[in-house]
Each structure stands twice: as C-alpha cells, then as structure tokens.
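Take the sequence and the model together.

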Amino acid sequence: MYVQPLFEKKTGRTLLFYYTARRVQGKIKRTPVQRIGYIDELQLEYPDPLAHFREEAKRLTREAKQREIHFTCSLNEHFVFNEKFDKAEAAALERSDQLYNYGVLALLKLYRELEIDYFIRIKAQYRKTEFNYNHIFQMLVFGRVLFPASKLATWRERTRILQNKRFSDDAVYRALPFFASIKDAIVLHLHEQVKKQYHRDTTLLYYDVTNYYWEVDREDELRKRGVSKEHRPEPIVQMGLLMDNSGLPVSYELFPGNTNDVSTMRPMMQRLSENFGNKNLIFVADKGMMGGMNIAQIILEHNGYVISSSVRKADAELRNYILDQRGYKKLNDGRFKYKSRLVPCTIYVETAEGKKKPIQINERQIVFWSEDYCKKARHDRAIAIAKAMGRAGFGENTVINNYGGNRFLKKGIFDSETGKVVEHPVFSFSLDQELLESEEALDGYYLIRTNVVGLRHGDAPFDRPYRWHTKDNLFELNRLVSDLDIIEMYRGLWKIEESFKITKSYLKARPAFVHKKESIEAHFLTCFVALLLLRLLEKRTHEKIPIATMVESLKKAYLVQLENDTYVNAYCDNIIAAIGNDLHLDLTKKYYSKGDLKNLRGKTAKK
C-alpha cells in the first residue's frame, strides 16, 4: 500500500489516496483503497501530512502481510466427483474481479475444428481495419452461449472469454454488416465441414418456422406485426430453419414478420438448391407448412415429402377410412395401431392469374392411433370445456365465439316469463353433444401424407440410393420403407422444435437489441452458429447430456486468478468432466498455471 497525491485542476487542491499495486499478466494494476483527504486540511493536524501517511501506509502494509495466509497447492490436483462440491466456496470465489470462463475452451475446440476462424480470416483478409473480425465473431458466438445479452453488454464481458480483446464497442457494430454479407457463404462452409467431419446425410431434411420479437412499436422492412408464436403484439421476424436427421441445423432464412408460415418453404427450397446444390431430398414438415404450392414444387423437383394433416378437417371419405377399424395393425397390446393406403388425391395450386387449380397426384396415406395421444386430447378438451363453462354468460362471453372450449357450447336466448318477447334476455348454455361425440371419435388419430415409398418384397435393388417415378410422382428409396419407418421420420420433427426452444430459452435470441437489417442478419447468424456448436457438443458427448444441463455447467465454469499467475478453479462438476474427456481437454484440475492455460488453448487448435 502506498500514498498517491492527486492534483485537482478545478479546485487547485491536492487530494491524498491510499493505493495498492499488483502485477497482473505482466502489467502493474493500481487500485484506490481509501480517500485520505485534502492536504491543506490535513496540514492543520499534521506538520507533514504526506510523510505521516506514507509511514501509516507502511504500517498498514506490514499488518496486511501478517494476516496473509500462505499455502502450497499441487497443479496436478483434480476434482473428485464422488465428493460433494462446496458451492458456498465457489460463490465466494466468483465475486472476484479476475474471473475467466474456461467453459469457452469446449466451444473454441469445436469452433476451430469447423475452421470458422480460418474462413473468416480469408474473407476479411483484404479489408483494412484496425480490429480482428474473427475475435469479434468469437466473442458474439461464445457470449451467446455463456452470458447471452446485447452486443454492448457482451463486449463489456469480453475479457472473461477472449485472449485478445483489443477492439472497441464501436468495432463490434461496424463488423456486423460484414458478418451479414458472408452469411450464405459461412452457412455453406459449415455444411461442408459437418458433412466432411460428421458424415452428414441431407437426404432427410426437417423444416419448421418460428418468430422472434422486438420490444419496439415501429415496423420496418423486416420487422412486421404478424402471428406471434408467443402471442405478443410487438413486431416480429420469421425464421425458417432446416435440420438434418441428426438434429444438426443446416440452414436458415429470415422473412418479414407478416409472412405466412406456409409461404416461407418454397423460398427456402430454392435457396437450398442454389447454395447447396442438393437434389433428391425428402422434406419433413408439420401440417402448417405444406400447402398445395409447396407439394407441387417438391414434386416438380423430383423430391419427397412427409407431412401431417388434420384428421378433423378430413372429408367424409377420408374420415370413414380413418374410423374404419379394418386393416389396422396393432402393437403394444392394442395401445398403438396403424394402417396405410396408396390413393390418388387432389391438391390446389395457384395459377398466374391468382386462381386455384386442382391437380391430381398419388399419395401414400398412413393413419395411426395412440392411446397416450387419445388420453391427452381428452384431458385437454375437458379442461377447455370446464374453463368455457365457468366463463359462460359473463361479460364478453354472453356472445359465444368458437375459440378453445367455446365451440362445444350451444347458446339459447329466451324470456323467462313469456318466452316470446325478448327485451331482457337470459342466456342458457349447454354442451353440443353431437359435436363433442364427433370430436371424441377422432381422438388419438394422426394422418401422415407422403410420396415416399420403398422396395416391395421380392423387388430387386437398383443401382442408386433413390429414384423418381415420373408416372406416379413417387420418390422411391432403394430399401424397404414400412409405415413405421415413415412414422419415425415424421417424429423427428421434435428436434427442430427443441432447437427453437434452445435459441429462445438458452441463447436468448429474443428480444433482440439490434435494428438495422444487416445487424439483425448478423445477430441470427451468431445464434445459428452457437446452436450448431451446442448440437455438435451434444453429439460429441454421445447425446447423454441434455443441452440445457451442458449450458448451465459451462456458464458456471470460472477460474479465479491469484496474484502469482496461478488460477483456482471456482466451479467444476461431472458434466464439465465429461465434456473435457470427450474433447480431450483437461478441465478438472483444481489449479492451473498460466502455462497450463496456454497449453489448453493450444490443444483446441488440434484435430
């Protein structure tokens, strides 16, 4: 501790402070400890205030040294996970201002394996700037996983994850248009790397749409008011996402918030064909995605589709087929059953004049029933009806709409005295038993429509993985494709829904805090790359650890720097140990030297 005089130009007076100094990463860091007072005021009490307080500073330094605790630690000591970790000790350590997240090493390993750093350096090599684009992109991607926040807030936390941090907050915003400009190129690069390293198969692609909101009122070219998945009134942006059969994101596109979900699929297919050159694909989507125009486009490009369709909106012929119990194959003691047929059906496409034109196609229809789905449908309906009955006749519910459970209620109006003149009506409500029975009959049934078929029993295999039947508009795989195979293809959609949940709940992709179109594009590019890294981390750990659990542990994985360039591990658990083990990184040591950390960063660059 020492005394530091500071001259104030405004007052012309000298102020004394106690300061401490210590060496951090080769530089002297000075920290004010206590304000002593103005020297002219202290002269009234001390003949030589500066000399007096310098002696006082020496005394305080000696007392502090006497209170110091010296200990010896082994840099080879590791955590043992059959012992309970002391969370209170970790919390105390996390209050230090010298915190460094070492969970970033797992993300950095995957980032470098995908050669993202190399790709960005190549793309930015002729741009004359004083900052490093790759360092900024790393900060935005890793920060999105470890402490998701605005770009400015992430920049303020940059020292916790980056080795090189010499760029300003203004540089971050200046870099966003560049990232937006290479979006298609970097998505294609990531696809090629995943295909090369993880043997990606894009024959089967899942597609779905979600939206993200902004906490603003004013709309613009991209942010428009539309049907929000979260029922929010603010402007939104639509995102269409393609995913492979391993759950890894392939590509994405942004659309104005007022774009219908079904209208996003054809542009996505077109961009996929232009950028990736992929052909002979099978698209799997939910019932909200597949309109007649989308199906027609898939058939024109000789691709396959697997979609669900509403059994409650089926015509009379299809409804009779679904409810006809003949032909069903039963599994699990009758708790699951299915059947299928190959039939001609009609889809409607829009002509150049804007009119709808019917087109005949052949389609494989698979119907299945699940006891669990049936019980859930009836449970949800009972809750909706009870809620509607509880509100019926009060306020706005004197007029019955058809939302939720209200559609099962019938309303009657009568005069309680004469039954003729209705001047002061009383409303009566009753269940529409006929509609209720009609709905209950279809509980648990699902309909899947597809043009994907396989070899029939006894057919000889052909010389390629798939072929197109022009006459029948059918996409044939070079193997047997059972009804259960198609059902399993469709069930893979849950992973794309989970991916949307990850971006919203863990990556905090919304609300977004950028407003320009290119900044919005860059924001979602970093979210896409962060999602891919997490999915790859899940794959590398053999899908034994949920992504939510991994993110929680990586966020807590901090080192605290001591004064002698030694770092103490403030948090470690068996999740971090498993991640380190699968990525060949030693993340379970209790203490790290500066050289240890340098070696660890070096290992992230090795494949």
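Begin at Lys329, whose bridge partner in strand 11 is Tyr338. This is a predicted model. Strand 10 covers residues 329-331 and strand 11 covers residues 336-350. The two pair in the antiparallel sense, over three bridges. Four residues lie between these strands in the hairpin. One of them is Asn332, and Asn332 takes a positive phi near 55 degrees.

Strand 11 also pairs with strand 12, residues 356-370. Here 15 bridges join the two, and they run antiparallel. The hairpin of strand 11 and strand 12 has five residues between the strands. In that hairpin Gly354 takes a positive phi near 85 degrees. In a regular strand, side chains alternate between the two faces of the sheet.

Strand 16 runs parallel to strand 18, residues 474-477, and two bridges join them. Val453 has its bridge partner in strand 18, and that partner is Glu476.

Move on to Val481. This residue is found in the loop between strand 18 and helix 15 (483-491). Is Val481 buried or exposed? Val481 counts as buried, because its relative accessibility is 9% and the cut-off for buried is under 20%. Leaving aside residues up to four places away in sequence, Val481 touches Arg364, Val453, Gly454 and Ile486. Val453 belongs to the bridge with Glu476 described above. Gly454 is 27 residues from Val481 along the chain, yet their C-alpha atoms are separated by 4.6 Å.

Gln561 sits in strand 19, residues 558-561. Its relative accessible area is 6%, so Gln561 is buried. Gln561 and Tyr100 are 461 residues apart in sequence. In space they are 7.9 Å apart, C-alpha to C-alpha.

Rolling a probe the size of a water molecule over the atoms shows where empty space is left. How many cavities of 30 Å³ or more are there? The count comes to six. About 70 Å³ of space lies in the largest cavity. Strand 6 (236-244), helix 16 (493-505) and helix 17 (517-540) each supply at least two residues of its lining. The largest share, four residues, comes from helix 17. The lining includes Phe524, Cys527, Phe528 and Leu531. Also in the lining are Met239, Leu241, Phe500 and Thr503. Tyr212 and Ala509 line the largest cavity too. By type, the lining residues divide into nine nonpolar, one polar and no charged.

Helix 16 and helix 17 have a loop between them, and Pro511 is found there. The peptide bond from Arg510 to Pro511 is cis, with omega near 0 degrees.

His199 has a phi near 55 degrees, a positive value in a residue other than glycine. The place of His199 is the loop between helix 9 (183-198) and strand 5 (204-213). His199 is exposed, because its relative accessible area is 66% and exposed means over 50%. His302 has a positive phi of about 60 degrees, although it is not a glycine. The loop between helix 11 (292-300) and strand 9 (304-309) holds His302. With a relative accessible area of 35%, His302 is partly exposed.

Finally, step back to the whole chain. The protein has 20 helices and 21 strands. Of its 607 residues, 47% count as buried. Take the contacts between residues at least 6 apart in sequence: 63% of them join residues at least 24 apart. The protein exposes about 32,500 Å², and carbon and sulfur atoms supply 49% of that area.

Conventions
Residues numbered from 1 in each chain as written. Predicted model: local features only at pLDDT ≥ 70, side-chain atom pairs only at ≥ 80, totals over all residues. Heavy atoms only, no water. Buried < 20%, exposed > 50% of the residue type's maximum accessible area, 1.4 Å probe, protein only. Contact = heavy atoms within 4.5 Å. Areas by Shrake-Rupley, 256 points an atom, 1.4 Å probe, with all protein chains shown as cover. Pairing = 2+ DSSP bridges. 1 Å grid on protein atoms, 1.4 Å probe; cavity = no way out; pocket = protein on both sides within 12 Å on 5 of 7 lines; lining within 4 Å. Points joined across faces, edges and corners; volume = space filled by probe spheres on them. Nonpolar A, V, L, I, M, F, W, Y, C, P; charged D, E, K, R; others polar.
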